[in-house]
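Keep the sequence and the model side by side.

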Amino acid sequence: MAGGLRQLPNLITTARILTVPVIVWLVLRGFMTEAFWLFLVAGASDAVDGWIARRFDARTRLGTWLDPLADKLLISGTFVALGWQNWLPVWLVMAVVFRDLMIVGGVMLGQTVGQPLAISPSRTSKVNTTAQIAMALAVLAMAGALLPGDAVLNHRHWQTVIDLLMVVVAATTALSGMGYLVRWLRHAGRHDDTPGDQPPGA
């Protein structure tokens, strides 16, 4: 594959990052319908850049860092904006953002101290990401009056769906966060046991 095409997944990922401030601004200004469609396109681009990278063997080292960063910025930014507008509970927003900060902080700390940790998403983490995207879309759709039906019964039906998604997001956020913490502690423990990694004079 030519060099330019090899960077196509990274360009798509970068475009996804650039949508984050726009989505946040749309939510804060109350343009929920526009935020819904832009979030939908951004979420779909995650599948597209991954498919291109696998199909045309265009995986790059930059892409392995850029793609998860884009996902976390998109989800965290949207959740914070929806929480600010009282469409999501504060405790859930804090849990999602704290987990992402913990993962990013752990990876950066590992790089800083010369103990890089390769983070591969667990099955729980993949379920968590899917549930977060589905919940953000459902909340944006409800806020933008895009869900089918406008009767009180239909509103309650969709609210029940969102409540169930909230439970799934909360549970998988806690489980995957603890999973990453355990992996990081084990990784740090293995390096601490290596004589060559001991500080001078120890």
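A residue counts as buried when its relative accessible area is under 20%, as exposed when that area is over 50%, and as partly exposed in between (1.4 Å probe, protein chains only). The model is predicted, with local features needing pLDDT of at least 70 and side-chain atom pairs pLDDT 80 or more, while totals for chains, interfaces and linings use all residues. Numbering starts from 1 along each chain as its sequence is written, and side-chain values use heavy atoms, without hydrogens and water.

Start with the whole chain. It holds seven helices and zero strands. Helices here are DSSP runs of H or I with at least four residues, strands are runs of E with at least two, and both are numbered from the N terminus. Of the 202 residues, 37% are buried.

Now turn to helix H3, residues 32-55. Its 24 residues reach 34 Å from first C-alpha to last, close to the 34 Å expected at 1.5 Å a residue. That expected span is 1.5 Å times one less than the number of residues. The buried residues of H3 include Met32, Phe36, Phe39, Asp49 and Ile52. Which helices do the buried residues of H3 pack against? They pack against H2 (8-29), H4 (61-84) and H6 (123-143). Just after H3, Asp57 takes a positive phi of about 50°.

Next come the charges. Side chains of opposite charge can pair when their charged atoms come close. A salt bridge here is a side-chain nitrogen of Lys or Arg within 4 Å of a carboxyl oxygen of Asp or Glu. The whole structure has six of them. Focus on Arg16, which is buried at a relative accessible area of 1%. Arg16 forms a salt bridge with Asp46, with the closest N and O atoms 3.4 Å apart. This pair links distant parts of the chain, from Arg16 in H2 to Asp46 in H3, 30 residues apart. Asp46 is partly exposed, at 21%.

Arg16 also bridges to Asp49, at 2.9 Å between the closest N and O atoms. Again H2 is linked to H3, with Arg16 and Asp49 33 residues apart. Both Arg16 and Asp49 are buried. Asp67 forms a salt bridge with Arg16 too, the closest N and O atoms being 2.8 Å apart. Here Asp67 in H4 is linked to Arg16 in H2, 51 residues away. Asp67 is partly exposed, with a relative accessible area of 23%. Through shared partners, salt bridges join Arg16, Asp46, Asp49, Asp67 and Asp71 into one network.

Finish with the record. An unreviewed UniProt entry places the feature "transmembrane region" at residues 90-110, 131-149 and 161-182. UniProt positions follow the numbering used here, feature names are shortened, and annotations may be inferred rather than shown by experiment. In the model, residues 90-110 are 100% helix and 0% strand, with end C-alpha atoms 30 Å apart. Residues 161-182 are likewise 100% helix and 0% strand, and their end C-alpha atoms lie 32 Å apart.

Technical notes:
Contact means heavy atoms within 4.5 Å.
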